[in-house]
Amino acid sequence: MLLARENGFCFGVKKAVELTEAAAESGRKVTNLGQVVHNPKISERLAARGVRVASRVSDIDEGIVVVRAHGVPPETRAAIEARGLACVDATCSLVLRAQRFTKQLADEGYRVIILGTPEHPEVVGLRGFAGNDHVIVESKEEWEKLPKLKRAGVVSQSTQPPWAFRELVAHVTSIAQETKVFNTVCPVTVKRQDAATELSGESDLIIVVGGRNSANTRELANLARLQGRVAHHIEDARELDPAWFAGVERVGLIGGCSTPMDTLLEVKERAEALAS
């Protein structure tokens with residue numbers, strides 16, 4: 001079995017988990033505002049330490065609130081302060097950078113175009129900084145419907161594929177009189193995607209491990225399939241099917257940016273046992 005050259009937590013996930021665990025050691029009630037990272041194993045680990053999860057600030061009445069790695073819009077921060085709650089900010093530094101650039105574009109009068117999935121928490125956060133004149137696009141079909149623009153500013157959800165961002169920027173440049181671009185695609189995500197592409201070239205079957213609601217993990221599976229490989233996206237070793245390995249010589253294994261190495265190694269051990 002081949003392991004991808006890039007695996008384990010990215011620095012943003014590592015920071016978010018460490019900050020949440022440190023808060024849990026304080027002895028106070030700790031609540032994550034949404035899943036701190038998109039991985040069920042991490043959620044289980046934090047729950048075992050007494051960390052709760054709430055979807056709205058109004059559901060939290062005391063203790064410490066940990067802002068998820070994906071960030072939140074300004075009004076959510078204001079709501080936390082208004083309720084007098086202690087706040088630990090676990091927003092990834094690259095997401096904070098994207099938020100600053102999005103606000104800058106809005107303040108300078110650009111129509112902000114965000115490449116991303118509308119309901120993804122990172123994009124929900126970015127929208128809060130984009131002002132009233134913004135649009136979210138996720139596919140070529142969507143951005144080709146954009147009207148002619150006078151001034152357009154472009155940013156991206158950090159886990160979007162870099163090729164999609166390049167294509168969007170090229171299109172916006174062709175329809176706008178003035179275009180300002182901030183490349184907010186996460187370089188760590190790009191490295192992981194490059195590793196998935198490399199692994200696909202060396203393997204007949206790809207196993208991708210990570211949360212089903214993890215955008216960067218889903219993209220790894222998509223990349224493998226685009227190269228004509230069979231790819232299975234699983235969350236843990238129990239989902240492995242012996243039938244997948246019948247007649248397969250080379251199996252590649254890669255995890256998303258929020259997949260712990262111990263989970264990946266559990267999958268590797270079981271996959272090797274099933275394939276033997």
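Reply: In this predicted model, the contact between the two helices is made by Val17, Thr20 and Glu21 on the side of helix 1, which meet Ile42, Arg45 and Leu46 of helix 2. Sorted by class, this contact comprises three nonpolar, one polar and two charged residues.

The geometry of the pair may be considered next. Two packed helices are described by the angle between their axes and by the distance between those axes. Helix 1 spans residues 11-24 and helix 2 spans residues 40-48; their packing angle is about 15 degrees, and the axes lie 10 Å apart. Since angles under 35 degrees count as roughly parallel, helix 1 and helix 2 are therefore roughly parallel to each other. Their crossing is right-handed.

Helix 1 also takes part in the lining of the largest cavity, as one of the elements that give two or more residues to that lining. The others are helix 4 (93-107) and helix 9 (215-226). The count of cavities of 30 Å³ or more comes to one, and the volume of the largest cavity is about 300 Å³. Its lining consists of 22 residues. Those nearest the centre of the largest cavity are Val13, His70, Ser158, Thr159 and Asn216. By class, the lining of this cavity has 11 nonpolar, 10 polar and one charged residues.

Technical notes. Residues numbered from 1 in each chain as written. Predicted model: local features only at pLDDT ≥ 70, side-chain atom pairs only at ≥ 80, totals over all residues. Heavy atoms only, no water. Axes fitted to C-alpha atoms, helices over the stretch in contact; angles between N-to-C directions. Helix = DSSP H or I, 4+ residues; strand = E, 2+ residues; numbered from the N terminus. Parallel < 35°, antiparallel > 145°, perpendicular 65-115°, else oblique. Left-handed = near helix turned anticlockwise from the far one by under 90°. Contact = heavy atoms within 4.5 Å. Nonpolar A, V, L, I, M, F, W, Y, C, P; charged D, E, K, R; others polar. 1 Å grid on protein atoms, 1.4 Å probe; cavity = no way out; pocket = protein on both sides within 12 Å on 5 of 7 lines; lining within 4 Å. Points joined across faces, edges and corners; volume = space filled by probe spheres on them.
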